[in-house]
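Welcome! Please have a look at the protein below, and then we will walk through a few of its features together.

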Amino acid sequence: MEPPACVVEELKQFVISDAPPTAYYIPDFLSEQEESHLQQQVYKSPKPKWTQLSGRRLQNWGGLPHPKGMLAETIPEWLQTYCQKISSLGAFGGKVANHVLVNEYKPGEGIMPHEDGPLYHPTVTTLSLGSHTLLDFYTPVGGVQGDAPQTEENRFRFSLLVEPRSLLILQDEMYQKLLHGIRPCEQDALSQKVLNLSAAGARAGDVLTRGTRVSLTVRHVPKVTKAKLLLGRR
């Protein structure tokens, strides 16, 4: 089912025109009440649902994406509501999100530059709770022209300021050709390299102190298997 043209058209007002195709930034996509409710639900989740990684911890909802197909699991209603809401914008070409990754970043924590890869529909949508962050974008290794060394600094292109309660949607070149990451720091000094300053209500020269941020990365996994795992069969 294709999304209604009016919905896709409505999304266009939020495009970040200075960024490569295509990034949408919607400030205050969530109300403060919705943000608080989602935070409560995240932290009410059973302790085994958390996975501790270097620099952050996360929860996986919907199943584990796999090249042979994701064994789908039921997404709880408190997340399914936002899978439907984001999908109704046409973010996944008429498909409904079926996977959510919840990441917790404490001040000073980040994630290395990476790409989301081919297991997902080529769109990533991110809801932010609790704190801002700067999402940095990089040319992949080998993409720097000339004899310049392939350092992270030389590969850095620009940043986007992601505020609490906002929705960020990345597609096309932003998804397929650039890496994105978060520097592990406690403060962010904003510069002209932040392409959505005005949309985020910020100015170059502002210094923002990070708090604990929870991100909900909402995606669609096209390849899903309905097979049941027979555990302990005799």
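## A histidine and its partner

A polar contact is a pair of N or O atoms within 3.5 Å; within protein, one must be able to donate a hydrogen and the other to accept it, and residues adjacent in sequence count only if both atoms are side-chain atoms. The side chains of His 180 and Asp 116 make such a polar contact, at 3.3 Å. This is a predicted model, in which local features need pLDDT of at least 70 and side-chain atom pairs count only at pLDDT 80 or more, while totals for chains, interfaces and linings use all residues. Residues are numbered from 1 along each chain as its sequence is written, and side-chain values use heavy atoms, with hydrogens and water left out.

His 180 sits in strand β11, residues 179–182 (strands are DSSP runs of E, at least two residues, and helices are runs of H or I, at least four, numbered from the N terminus). Is His 180 buried or exposed? His 180 counts as buried because its relative accessibility is 11% (buried means under 20% relative accessible area, exposed over 50%, partly exposed in between, with a 1.4 Å probe and protein chains only). Not counting residues up to four places away in sequence, His 180 touches Met 112, Pro 113, His 114, Asp 116, Leu 135, Asp 136 and Phe 137 (contact means heavy atoms within 4.5 Å).

Rolling a probe the size of a water molecule over the atoms shows where empty space is left. On a 1 Å grid over the protein atoms alone, a cavity is a set of points where a 1.4 Å probe fits but cannot get out, and a pocket is an open set with protein on both sides within 12 Å along at least five of seven lines; lining residues have an atom within 4 Å of a point. Grid points are joined across faces, edges and corners, and a volume is the space filled by probe spheres set on the points.

The largest pocket has a volume of about 330 Å³. Of the 22 residues that line this pocket, Tyr 105, His 114, Thr 126, His 180 and Thr 217 lie nearest its centre. Strand β14 gives the largest share of the lining, four residues.

## A buried isoleucine

Ile 169 lies in strand β10. Ile 169 counts as buried because its relative accessibility is 0%. Leaving aside neighbours within four places in sequence, the contacts of Ile 169 include Leu 11, Thr 22, Ala 23 and Tyr 24.

Most residues other than glycine have a negative phi, and most peptide bonds are trans. Here, a cis peptide bond joins Pro 21 and Thr 22, with omega about -15 degrees. Thr 22 is in the loop between α1 (5–11) and β1 (23–26).

Arg 165 is not a glycine, yet has a positive phi of about 75 degrees; its place is the loop between β9 (156–162) and β10 (167–171). Asp 172, also not a glycine, has a positive phi of about 55 degrees and lies in helix α5, residues 172–176.

## Confidence

The mean pLDDT of the protein is 90, and 90% of its residues reach 70 or more (pLDDT is the predictor's confidence in each residue, from 0 to 100). Over residues 229–234 the pLDDT is below 50, and this stretch has one contact in the model beyond near neighbours in sequence.
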